[in-house]
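The sequence and the coordinates are shown first, and the description follows.

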Amino acid sequence: MKATLITVAVLVLALGWTSEAVQVEENGLTFSLEAVKRLQELTESHLATGQQNPRLRASTVSSCADPMLPQEFLPLCKLRGASASLSRLAMVPLDVCEICAFAACTGC
């Protein structure tokens with residue numbers, strides 16, 4: 001009985017680790033899938049409230065200055081071309097990324 005409980009616990013932990021392991025690569029940097037999801041939520045909320053130029057999916061100024069932006073993106077915000085990188089990340093198809101059918105996603 002104890003062996004079964006331990007086996008189940010290990011399997012649950014392994015599943016948790018692998019679900020967090022999906023990474024999205026952009027401009028030589030990697031970001032967790034959860035961070036990219038949060039970026040997309042922020043971008044959508046900026047568009048909904050009219051806080052950014054409607055021609056852009058993500059703005060370096062608004063996204064990088066947002067205190068809700070995951071810390072993972074701060075190194076990207078310091079790079080030249082951050083706006084373009086954030087725009088591409090904001091357009092990553094997450095449903096496809098979760099099954100690793102998108103080239104920028106790794107770690108499935």
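Which residue does a disulfide join to Cys64?

## Disulfide

The disulfide joins Cys64 to Cys77, with an S to S distance of 1.9 Å, a disulfide being taken here as a pair of cysteine sulfur atoms within 2.5 Å. The structure holds one such link, and, with -90 degrees about the S-S bond, the link of Cys64 and Cys77 is left-handed. The pair links distant parts of the chain, since Cys64 lies in helix 3 (residues 60-65) and Cys77 in helix 4, 13 residues apart. Helices (H or I, at least four residues) and strands (E, at least two) are DSSP runs, numbered from the N terminus.

Cys77 counts as buried because its relative accessibility is 17%, where buried means under 20% relative accessible area, exposed over 50% and partly exposed in between (1.4 Å probe, protein chains only).

## Basis of the model

This is a predicted model, in which local features need pLDDT of at least 70 and side-chain atom pairs count only at pLDDT 80 or more, whereas totals for chains, interfaces and linings use all residues. Residues are numbered from 1 along each chain as its sequence is written, and side-chain values use heavy atoms, with hydrogens and water left out.

## Nonpolar core

A nonpolar core is a set of buried Ala, Val, Leu, Ile, Met, Phe, Trp, Tyr and Cys residues joined through side-chain atoms within 4.5 Å. The largest one has 20 residues, and those with the most contacts inside it are Val24, Val36, Phe73, Leu89, Val92 and Cys97. Two or more residues each come from helix 2 (33-49), helix 4 (74-77), helix 5 (82-90) and helix 6 (94-97), and helix 2 provides the largest share, five residues.

If neighbours within four places in sequence are left aside, Val36 is in contact (heavy atoms within 4.5 Å) with Val24, Phe31, Phe73, Leu89, Val92 and Leu94.

Three strands form an open sheet in the order 2-1-3, with antiparallel pairing, and its edge strands, each pairing on one side only, are strand 2 (29-32) and strand 3 (105-106). Two strands are said to pair if DSSP finds at least two bridges between them; strand 1 (residues 23-26) and strand 2 do so in the antiparallel sense over four bridges. Within this arrangement, Val24 stands opposite Phe31 in strand 2, and these two residues are also among the contacts of Val36.

## Ser85

Ser85 is found in helix 5 and is buried, with a relative accessible area of 1%. Not counting residues up to four places away in sequence, Ser85 touches Glu26, Asn27 and Leu76.
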